[in-house]
Amino acid sequence: MGAKRVCYYQVSDPNGVQWSVVMGSITRALDAMNVDQQQATKWSTKAAILRHTNTDGFHGHGKDMYIFHSSSEPQKRYFLLRHEHVILEADTTMMAVLEKSELYKHKLSCTVEGTALLLGDYSARVAQATLLNGKFAGIVLEVEYLPVDDVLAAEPMLTAFCHTLHLGLAGLNGAAKETTDGLKGPDEGPTGPFGGTFVPIKHVYDTFGLSNQHTGKHSTLQYLYLVSALLQVLMTKPKTPR
């Protein structure tokens with residue numbers, strides 16, 4: 001497993017956005033980066049939030065449990081206790097144990113489904129995120145730099161990839177702008193379709209005692225913050241123009 005970056009596509013005003021057009025533009029931009037179409041595969045992840053049945057003495061999300069699994073590791077499940085800053089790894093049998101205990105009840109889930117593409121030393125996974133009720137939650141990009149699993153060492157490579165994709169989207173949108181350092185990545189401004197851009201998920205690995213070597217636990221934390229960011233976007237009402 002290489003080091004990964006997770007992003008979501010953000011627009012300033014979601015009203016009138018044709019997400020199929022956005023996805024099509026992203027696909028074309030990736031195609032221009034020499035995708036190996038023969039290696040394209042289906043890919044998915046799922047993040048669920050469970051609420052403890054006994055919340056005495058806890059407020060807010062104190063006793064929530066987050067469960068994450070990916071088609072990349074089908075036999076593994078990751079359990080995150082945010083209040084305790086703990087991430088546990090287990091096999092699929094743990095889900096049956098958890099259900100029998102009746103200690104937690106389902107609160108929310110988010111499924112991310114799309115395609116995994118191979119581009120030389122990179123794997124790019126582009127997908128749509130949907131909530132349990134079928135509500136569209138956004139477009140997600142996961143980029144993996146395959147040769148290196150150290151998150152710090154891989155950061156410049158991941159940034160370079162995102163910058164190249166950013167320029168490709170800007171070019172398709174007729175708004176390509178070169179930068180001075182060439183490595184600003186997704187923070188360069190909204191120049192993609194419908195005035196959007198990819199926003200990277202910020203991580204706090206050290207808070208959960210994780211090393212710089214990327215593992216499934218790192219992905220669990222990334223997707224926890226991804227779901228939080230997507231929900232925040234859905235709950236934020238766009239300002240009405242005066």
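1. Basis. Residues are numbered from 1 along each chain as its sequence is written, and side-chain values use heavy atoms, with hydrogens and water left out. As the model is predicted, local features need pLDDT of at least 70 and side-chain atom pairs count only at pLDDT 80 or more, while totals for chains, interfaces and linings use all residues.

2. Salt-bridge total. The whole structure holds 8 salt bridges (a side-chain nitrogen of Lys or Arg within 4 Å of a carboxyl oxygen of Asp or Glu). Helices (H or I, at least four residues) and strands (E, at least two) are DSSP runs, numbered from the N terminus.

3. Network. Salt bridges link Lys4, Arg125, Glu142 and Glu144 in a network. Lys4 pairs with Glu142, with the closest N and O atoms 3.6 Å apart. This pair links distant parts of the chain, 138 residues apart: Lys4 is in strand E1 (residues 3-11) and Glu142 in strand E8 (residues 136-145). Both Lys4 and Glu142 are buried (under 20% relative accessible area; exposed is over 50% and partly exposed in between, with a 1.4 Å probe and protein chains only).

4. Arg125 and Glu144. Their side chains meet in a salt bridge at 2.8 Å, N to O. Arg125 is in strand E7 and Glu144 in strand E8, so the pair ties together parts 19 residues apart in sequence. Arg125 is buried at 8% relative accessible area, and Glu144 is buried at 5%.

5. Asp64 and Lys107. The closest N and O atoms of this salt bridge are 3.3 Å apart. Asp64 lies in strand E3 (residues 64-70) and Lys107 in strand E6 (residues 104-119), 43 residues apart. Asp64 is buried at 2% relative accessibility, whereas Lys107 is partly exposed at 39%.

6. Ser123. This residue of strand E7 (residues 122-131) is buried, with a relative accessible area of 8%. A polar atom of the Ser123 side chain lies 3.4 Å from the backbone oxygen of Leu117. Beyond neighbours within four places in sequence, Ser123 is in contact (heavy atoms within 4.5 Å) with Leu117, Glu142, Val143, Glu144 and Leu146.

7. Helix H3. The 22 residues of H3 (residues 151-172) should span 32 Å at 1.5 Å a residue, and the end C-alpha atoms, 30 Å apart, agree with this; the expected span is 1.5 Å times one less than the number of residues. At the start of H3, a side-chain oxygen of Asp150 comes within 2.9 Å of the backbone nitrogen of Leu152. Buried residues in H3 include Val151, Leu158, Phe161 and Leu169. Just after H3, Gly174 has a positive phi of about 70°.

Key. Polar contact = N/O pair within 3.5 Å; in protein donor to acceptor, adjacent residues only side chain to side chain.
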